[in-house]
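Reader: I have a model open and would like to learn how to read it. Please take me through a few features one at a time.

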Amino acid sequence: MKKNIQDYIAELNSAQKEPTLHKEGPMIVIAGAGSGKTRVLTYRIAYLMSEGVDAFNILSLTFTNKAAREMKGRIAAIVGNSEAKNLWMGTFHSIFAKILRIEADKLGYPSNFTIYDTQDSQRLISSIIKEKGLDKDVYKYKQVQSRISSFKNSLITVKAYYQNGELQEADAMAKRPRIGEIYQEYVERCFKAGAMDFDDLLLRTNELLTRFPEVLAKYQNRFRYILVDEYQDTNHSQYLIVKALSDKFQNICVVGDDAQSIYAFRGANINNILNFQKDYHGVKMYRLEQNYRSTKNIVEAANSVIEHNKTKLDKDVWTHNEDGGKIKVNRLVTDGEEGRYVASSIFENKMEHQLNNGDFAILYRTNAQSRAMEDALRKRDIPYRIYGGLSFYQRKEIKDVLAYLRILVNPADEEALKRVINYPARGIGQTTLEKLTITANHYKRSIFEVMQNIQKLPELKINSGTRTKLDNFVTMIQSFQIMNQNANAFEVAEHVAKKTGLLQELKKDGTPEGVARLENIEELLNGVKDFVEEQKELDGTTGSLAEFLEDVALATDLDQDTGDDDRVALMTIHLSKGLEFPYLYIVGLEEDLFPSAMSMNTRSELEEERRLFYVALTRAEKQAYLTYTQSRYRWGKLVDCEPSRFIEEIDEKYLEYLTPIHERRYKPMIDADIFGEVDKSKLRLKKPVSGTPPKRFDSEAASRKLRKIKPGGGASNTANNLGTTLEAGNIVEHIRFGKGKVVRLEGVGGDKKAEILFENGGLKKLLLRFAKLNVI
Ligand code: ATP
Ligand code: MG
């Protein structure tokens with residue numbers, strides 16, 4: 001018999017029932033991990049609908065689109081699919097991108113505006129810095145981008161920046177007095193290109209709601225019930241949107257856990273949750289204490305760690321679940337060994353308890369740590385999936401195809417145009433592009449418009465040969481636009497991939513990498529096809545290219561999960577928020593890595609790291625493992641490691657040491673808050689690791705490379721088993737540094753080292769015991 005809403009509510013405990021059945025007015029649920037906050041939110045929506053609230057009047061904001069999809073699925077199971085379909089549910093970015101498209105003209109934007117991803121923003125900022133003749137070592141484009149992003153998240157517009165002496169002074173002190181100018185140019189260029197970056201989606205929504213009271217009224221009336229999950233991680237801009245929209249009906253329901261606030265570094269403001277009661281009138285506060293997710297050992301261990309934070313709300317979290325096994329702590333010599341241990345432990349647990357791969361997750365502090373885990377899992381033939389890292393849509397070949405699609409939807413899109421105007425090569429050089437850019441900036445028009453009007457702009461001094469090439473490009477894009485009026489998104493995308501020469505270019509390449517890229521494009525086209533079909537099922541339309549591009553632009557790192565195959569999950573702790581796994585491995589628990597070396601200067605930074613550890617540990621349902629190594633390659637150097645203070649902060653009675661913990665050498669934390677702002681260099685307890693910063697490591701590409709180079713070989717050819725014959729002159733491949741030539745060898749046995757000149761120019765001495773080298 002089909003369950004009705006009452007059956008579902010009967011599954012809740014009494015503390016959960018109250019917020020679920022809460023009538024009107026503002027409410028907040030503050031509760032620890034695994035206590036059912038997300039479940040309450042989900043059931044509450046179903047309950048409201050069963051009480052006659054129209055799905056169109058409910059807005060629910062989640063941390064990922066995947067979480068929204070899952071929630072919608074659950075609600076659909078309770079109230080029926082046709083009703084649930086109409087709910088507005090998604091991340092802040094995806095929901096407000098939709099609203100901005102509807103209202104774009106009010107802000108002077110086209111409704112087909114492009115969404116610039118972080119890379120697009122960085123590229124644009126980098127060209128502005130260059131155009132202004134600024135020193136790129138002082139004005140580092142990534143830093144400038146993150147500064148501009150933080151302005152936007154605090155709603156500091158260009159005008160507000162220029163009115164704020166303090167901000168300008170801070171930039172001048174940092175020897176970057178022209179940040180304001182870059183900010184202004186960046187905003188203008190985005191506007192001219194009909195593009196919004198991620199932060200604009202929130203900033204412009206705020207602008208829309210403030211400048212146009214009738215628009216605000218429209219959405220206030222529409223979204224009579226607003227619900228927000230993970231409220232502790234909202235930033236100022238998000239806070240204001242929620243505040244404005246809920247102002248009329250005050251039916252705002254937020255759930256969160258201050259102990260799980262982990263995005264302060266990106267502007268999230270923990271005060272949003274702490275001040276909620278002050279922001280609304282007559283707030284009803286609910287607390288949940290019973291954890292349903294984890295064993296007693298895990299719940300109590302997590303409580304004992306978070307106790308060390310001073311800034312927190314007091315909470316009791318307990319569980320009726322069984323005690324479970326103690327948390328296993330293991331010390332390994334290197335990260336390679338750590339990977340092998342985790343892989344074999346997963347293997348053994350699988351055998352012993354008859355588990356699936358999907359019952360396991362490996363969490364780490366930084367993306368780079370996935371490599372050792374991947375190597376080990378591969379060797380054991382354990383399927384895994386990495387979340388985050390270089391996402392599919394960030395791959396070069398995919399971005400190339402998407403760039404063409406973006407131009408045809410919005411020809412003003414400057415970054416997309418620059419990306420492919422001469423790719424595949426069609427003889428349009430850098431000088432021509434620069435001339436076009438300068439002219440476009442001068443007339444405040446898009447580059448594409450300048451290209452369309454070249455004959456009227458003799459001052460451009462472009463010769464007739466180049467002009468023909470530019471004309472051909474314009475004609476090609478226009479032909480795509482014409483096709484797009486009648487054909488569906490898949491047909492257009494396929495046509496574009498062929499006609500632009502992208503496919504031919506990769507076919508010509510013929511290398512294993514080229515083949516892999518070709519396969520990726522095929523995969524992208526499959527994705528467009530799926531999108532078209534899905535859309536047809538959903539609302540009978542075929543789905544436009546513009547809608548597809550929006551989906552892609554806003555896919556969060558977790559959204560790649562199709563959930564249809566059985567794999568071990570690998571991800572950073574930041575991404576694991578809200579999720580749960582029966583068996584959990586938290587790796588790399590070492591001082592300077594976790595807590596991160598960058599976060600040990602003030603108490604508040606350290607407390608955020610501790611909350612991150614709390615989030616990690618509370619993802620575990622049945623069994624948790626903590627591992628650390630004695631030495632690890634960091635930024636190309638082998639460094640000695642010490643166990644993380646977080647291990648020691650767990651009450652010992654919940655731990656089982658598989659190896660004796662070795663001595664801790666760090667000094668206790670200096671309470672920086674007492675001294676106010678402190679000189680960070682003096683506070684640093686250990687010498688910072690020098691060397692080049694870590695590159696985002698495309699592990700999949702690297703592993704593909706290794707597999708392709710030595711078919712069927714791989715592991716047996718690695719030189720880190722010392723028996724391998726390695727001599728001067730050998731060409732080797734290192735998983736991180738790429739190809740190189742062995743210059744000389746020195747030392748014997750376990751101390752044997754190879755000096756290798758890598759193709760990228762670096763000369764490195766590597767200890768063979770640790771180095772992962774493939775002899776080619
Ligand atoms: P987090 O802080 O990690 O986001 P949360 O508070 O949102 O956690 P949920 O994810 O909603 O917690 O719930 C944790 C787990 O406990 C889920 O598997 C959920 O289905 C289960 N659960 C919650 N409440 C109950 C209940 N009353 N009976 C049985 N299981 C429950
Ligand atoms: Mg949750």
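**Reading the sheets, a helix pair and the ligand shell**

Author: Strand E10 (residues 360-364) and strand E13 (residues 581-586) pair in the parallel sense over four bridges. Within that pairing, Leu363 has Ile586 of E13 as its bridge partner. Bear in mind that this is a predicted model.

Reader: How do strands of a sheet pair?

Author: They pair through backbone hydrogen bonds, and the sense is either parallel or antiparallel. E10 and E13 belong to an open sheet of seven strands, in the order E11-E12-E10-E13-E14-E9-E17, with parallel pairing. The average twist from one strand to the next is 20°.

Reader: Which strands stand at the edges of that sheet?

Author: Strand E11 (384-386) and strand E17 (655-657) do. Each has a single partner strand, so one side of each is left without a neighbour in the sheet.

Reader: What is the order of the strands in the open sheet of six?

Author: That order is E3-E2-E6-E7-E1-E8, again with parallel pairing. Its edge strands are strand E3 (88-90) and strand E8 (284-288), each pairing on one side only. Here the twist averages 10° from one strand to the next. Strand E1 (residues 27-31) is joined to strand E7 (residues 252-256) by four bridges in the parallel sense, and Met27 stands opposite Cys253 in E7. Helix H2 (residues 14-21) lies across E1 and E8, at about 150° to E8.

Reader: How are two packed helices described?

Author: By the angle between their axes and the distance between the axes. Take helix H12 (residues 198-211) and helix H14 (residues 236-246): their axes come within 9 Å and cross at roughly 30°. The crossing of H12 with H14 is left-handed.

Reader: Which residues of H12 and H14 make the contact?

Author: H12 supplies Leu202, Leu203, Thr205, Asn206 and Leu209, while H14 supplies Ser237, Gln238, Leu240, Ile241 and Ala244. Sorted by class, this contact has six nonpolar, four polar and no charged residues.

Reader: How many residues surround ligand 1?

Author: The shell around ligand 1 has 19 residues, and the closest are Gly36, Lys37, Thr38, Arg39 and Tyr292. Four residues of the shell are nonpolar, nine polar and six charged. Helix H3 (residues 37-50) gives the most to this shell, with three residues.

Reader: And the chain as a whole?

Author: Its secondary structure comes to 33 helices and 22 strands. Of the 776 residues in the chain, 42% are buried. Among contacts between residues at least 6 apart in sequence, 74% join residues at least 24 apart.

Methods:
Residues numbered from 1 in each chain as written. Chains lettered and ligands numbered in written order. Predicted model: local features only at pLDDT ≥ 70, side-chain atom pairs only at ≥ 80, totals over all residues. Near = placed C-beta within 6 Å. Helix = DSSP H or I, 4+ residues; strand = E, 2+ residues; numbered from the N terminus. Nonpolar A, V, L, I, M, F, W, Y, C, P; charged D, E, K, R; others polar. Axes fitted to C-alpha atoms, helices over the stretch in contact; angles between N-to-C directions. Left-handed = near helix turned anticlockwise from the far one by under 90°. Contact = placed C-beta atoms within 7 Å. Pairing = 2+ DSSP bridges. Buried ≥ 20, exposed ≤ 12 C-beta atoms within 10 Å, placed from the backbone.
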